Amino acid sequence: MQKRWHASKYQKLSIRKNSADIEDGQNSGSLDGSRIVNLDQLKQFISELSVHASQCDSSITLKGEKRAGLASILSCSCSKCDFSIPLNTSKKVLGPKGKMRWEVNLAAVWGQISTGGGFARLHESMGILGVPVMAPKNFVATERSIGLWWQEKLNKEMIAAGREEKRLAEERGDYHEGVPAITVVVDAGWCKRSHRHSYNAKSGVGIIVGQVTGKLLYLGVRNKECTACKQGFEVDKHQCFKNWDQSSSEMEPDIILSGFKEAERVHGLRYINFIGDGDSSVYPTLIQGVPGWGRYIKKMECANHACKCYRSSLEKLVQEKPQYKRNGGLPEKMRRRLACAARCAIKMRSKEADVPGTIKKLEKDLRNGPFHCFGIHTNCSVDFCKASHQNESSLSSSTVMSSDEPADNTHDELLTGMCDSRLR
Ligand SMILES: [Zn+2]
Ligand SMILES: [Zn+2]
Ligand SMILES: [Zn+2]
């Protein structure tokens, strides 16, 4: 069994006492515990110290400490003369709102935000290490500043992405009623399951991404609960994050609709085509909700989602009827091949220009997929299946099937990567 080290109760208590005793900006009387020291700062300090020590032939002693969260200014002075030199344990960097901030404090709070922690976790882990931390109110203020900083950066990135999508749409000549029009990919998510039970989370997130650039154009969040409200703080006395009081499943259409509604104002674009998952209720919401051009929006099915749903249905089928799992039925390899054949057909047909004709061909390929996988090639399209080429004795211009592998292995060979990465 893995051994875990725990600080003794005494250690924790004494460390906490030390940390709590020293408020930020105060001079600390006792110099104990540990500190996080930036090595560049230490190098510079040592070189300055050595120069003075060689000139004065004296000893240098550590006199005191002024704390600023996890950063400290340690003051050192010469035993012979008035010389004193500070060691700043952290560098100062340009932080949120253009202010100079201690790097270690920003990094400590940033790390907690990134890993889903907070003041309590930082306090606990640093307490065990014997490193004093900032006061809770300073942690919260830094957390808020970093949040606003991220938001500002994100907004700039999204505006730049919109500008790029607009330029590319203009170059392609893609307009709707004189406004540059683009295709976007939309998706949303909220926690649904944990171990052995399902639930709907209180928060959901939705995104809109430009298809050509693959960059984020919109991000929306809906929260059904606010921790501060739950703790009884008045709404006008805290930054309230609650912005949703309907069902969790309605979060996705609402977020995406908000993004579409502000597309023209923010980016000067219209999201005239969108790619989304098959089971989403987003499409009707957009058609009805986007004023003016909403009725012209077209939905394109996401090939990844379509294949994922196909594979999930096959998995559900064998779960309900385990007898299908045996060889000659739907063993794991066959289920994977069926999904691969569908993916292969979509990929192949997506390259064709004649859209109405291609849709019919794709429908035929998809319906014929199981027959093809089980070795019945009488209805396979010639450009899809090598076996049907052989049937027709015309092996001249195969696009998909050009290997010498037996026909029933070809999709596996061609799509191994695709199967492994996307279709499971
Ligand atoms: Zn001296
Ligand atoms: Zn609130
Ligand atoms: Zn075939």
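A residue is called buried here if 20 or more other C-beta atoms lie within 10 Å of its own, and exposed if there are 12 or fewer. The model is predicted.

Start with helix α10 by selecting residues 303-320. The helix has 18 residues, and its first and last C-alpha atoms are 26 Å apart, close to the 26 Å expected at 1.5 Å a residue.

Within α10, show the side chains of Cys-307, Tyr-310 and Arg-311, the buried residues of this helix. They lie on the same side of α10, because the arc they cover around the axis is only 90°. An α-helix has 3.6 residues a turn, so residues three or four places apart point the same way.

Most residues other than glycine have a negative phi. Asp-57, not a glycine, has a positive phi near 50°. Its place is the loop between α2 (39-56) and β2 (60-68). Asp-57 counts as exposed because it has 7 C-beta neighbours inside 10 Å, and the limit for exposed is 12 or fewer.

Select Glu-177 next, in the loop that runs between β7 (175-176) and β8 (179-189). Glu-177 also is not a glycine, and its phi is positive, about 50°. Is this residue buried or exposed? With 10 C-beta neighbours inside 10 Å, Glu-177 counts as exposed.

Key:
Residues are numbered from 1 along each chain as its sequence is written. Chains are lettered from A and ligands numbered from 1 in the order in which they are written. This is a predicted model: local features need pLDDT of at least 70, side-chain atom pairs count only at pLDDT 80 or more; totals for chains, interfaces and linings use all residues. Helices (H or I, at least four residues) and strands (E, at least two) are DSSP runs, numbered from the N terminus. The expected span of a helix is 1.5 Å times one less than its number of residues. The arc is that of the directions from the helix axis to the C-beta atoms.
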